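Reader: I am new to reading protein models, and I would like to learn how to look at one feature at a time. Could we begin with the structure itself in view?

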Amino acid sequence: MVNDTVPQPNHDDGERYPVGAEFHYQSLTPDHILDAIESIGIYPESGLLALNSYENRVYQFRCDQGEKYVVKFYRPERWSKAQILEEHEFSYELDDAEVPLAFPLTINGNTLHHYQGFDFALFKSIGGRGFEVDNLEQLEMVGHFIGRLHQCSRRSQFQHRPGCSPELLGVEPIQWLAQSGHIPDSLQEAFFTIAHQVLDTTNEIWQSVPTKHIRLHGDLHPSNILWTPDGPGFVDLDDARSGPAVQDLWMMLTGDRQQKTMQLDILLEAYGEFSDFDMKELKLIEPLRALRMLNYNAWISRRWDDPAFPMHFPWFNTHKYWEGQILAFKEQLAALNEAPLTLTPY
């Protein structure tokens, strides 16, 4: 039975399932997936279409009643049950606030289900095409809905989800990479020298900007926005965390400085109709970009034992890739030392 009752998670449940051979994604066969879906009373009629997701395993299907669904199997041990349920609660709050978001369905009183080693959730499929970040009318609508999202998110705080900080997204990734063995010996000194310079500058700027952290989508890049006949539809709250509001805005900015300034004007004017924005946070755009770069490299390195990662990121373990990263971090250090973006004065 599917209904829209808001889930009632046990916030004290920090259980993480152990990772043994039976928990590896290799064991998540089509039969296992179908059995898990049927265990909650939903019966797929079509085949399983794998969607673009590396961290989790996500599939679209049509059930015997004609409804199109998306099922998401969470990577074991990435989040605790309490953290996943907190994400689900947040999605229901956003839906109540009329933020167009894919939220997990409540089935038999639960949004989070468990089957033979895997946690999973079921969502109604959001049809749509890609969000065109250079379409200024679409960008304005996205600004409205991010403002509405943050208007809702400011009403409470996460209790279990992590925060957004140089320590979590910068220091820990560098420490991981240093012992990973993925960076060629001949490039380690050059890479870690520039990586530490970028992190030091990022931390210095971060400490100079006092901000109020709010609940965030956390990974609001254009690919996580679908364009429907009714406007934007947000997907994938998997990286929801606490942090400065600008984290949910800066990935909408593309092109040269003039283009980014124009996009920022449009975004923030629309955003401001629903939520106040602290202009000091614009100084954090390049620090947040730097942290994303560091965390991205460590993320791939941490997941290298998952066969999907060498298959989809074959360039990661090459000399040429890390030479490119050294150059990219040098360019990012220069960006950190430039004046931050500001709104166009009128």
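Reader: With which arginine does glutamate 55 form a salt bridge, and how far apart are the closest N and O atoms?

Author: Please keep in mind that this is a predicted model. A salt bridge is counted when a side-chain nitrogen of Lys or Arg lies within 4 Å of a carboxyl oxygen of Asp or Glu. Here glutamate 55 pairs with arginine 303, and the closest N and O atoms are 2.5 Å apart. This pair links distant parts of the chain, since glutamate 55 sits in the loop between strand 2 and strand 3, while arginine 303 sits in the loop between helix 7 (285–302) and helix 8 (308–312), 248 residues apart.

Reader: Are glutamate 55 and arginine 303 buried or exposed?

Author: Buried means under 20% relative accessible area, and both glutamate 55 and arginine 303 are buried. Glutamate 55 also meets arginine 78 in a salt bridge of 2.9 Å, N to O, and arginine 78 is buried as well.

Reader: Which residues are linked with these in a network of salt bridges?

Author: The network includes Glu55, Arg78 and Arg303, together with others, among them Arg57 and Asp306. Arginine 57 and aspartate 306 form a salt bridge with their closest N and O atoms 2.9 Å apart, and both of these residues are buried.

Reader: Where on the surface does negative charge gather?

Author: Glu137, Glu140, Glu269 and Glu273 form a patch of negative charge there. Glutamate 140 belongs to helix 3 (residues 136–153), and it counts as partly exposed because its relative accessibility is 38%.

Terms used. Residues are numbered from 1 along each chain as its sequence is written. This is a predicted model: local features need pLDDT of at least 70, side-chain atom pairs count only at pLDDT 80 or more; totals for chains, interfaces and linings use all residues. Side-chain values use heavy atoms; hydrogens and water are left out. Patches are made of residues with over 30% relative accessible area and no salt bridge: like charges are joined within 9 Å, nonpolar side chains (Val, Leu, Ile, Met, Phe, Trp, Tyr) within 5 Å. Accessible areas come from the Shrake-Rupley method with a 1.4 Å probe; for residues, only the protein chains shown count as cover. Lys and Arg count as positive and Asp and Glu as negative; His and the chain ends are not counted. The place of a charge is taken as NZ of Lys, CZ of Arg, CG of Asp or CD of Glu. Helices (H or I, at least four residues) and strands (E, at least two) are DSSP runs, numbered from the N terminus. Buried means under 20% relative accessible area, exposed over 50%, partly exposed in between (1.4 Å probe, protein chains only).
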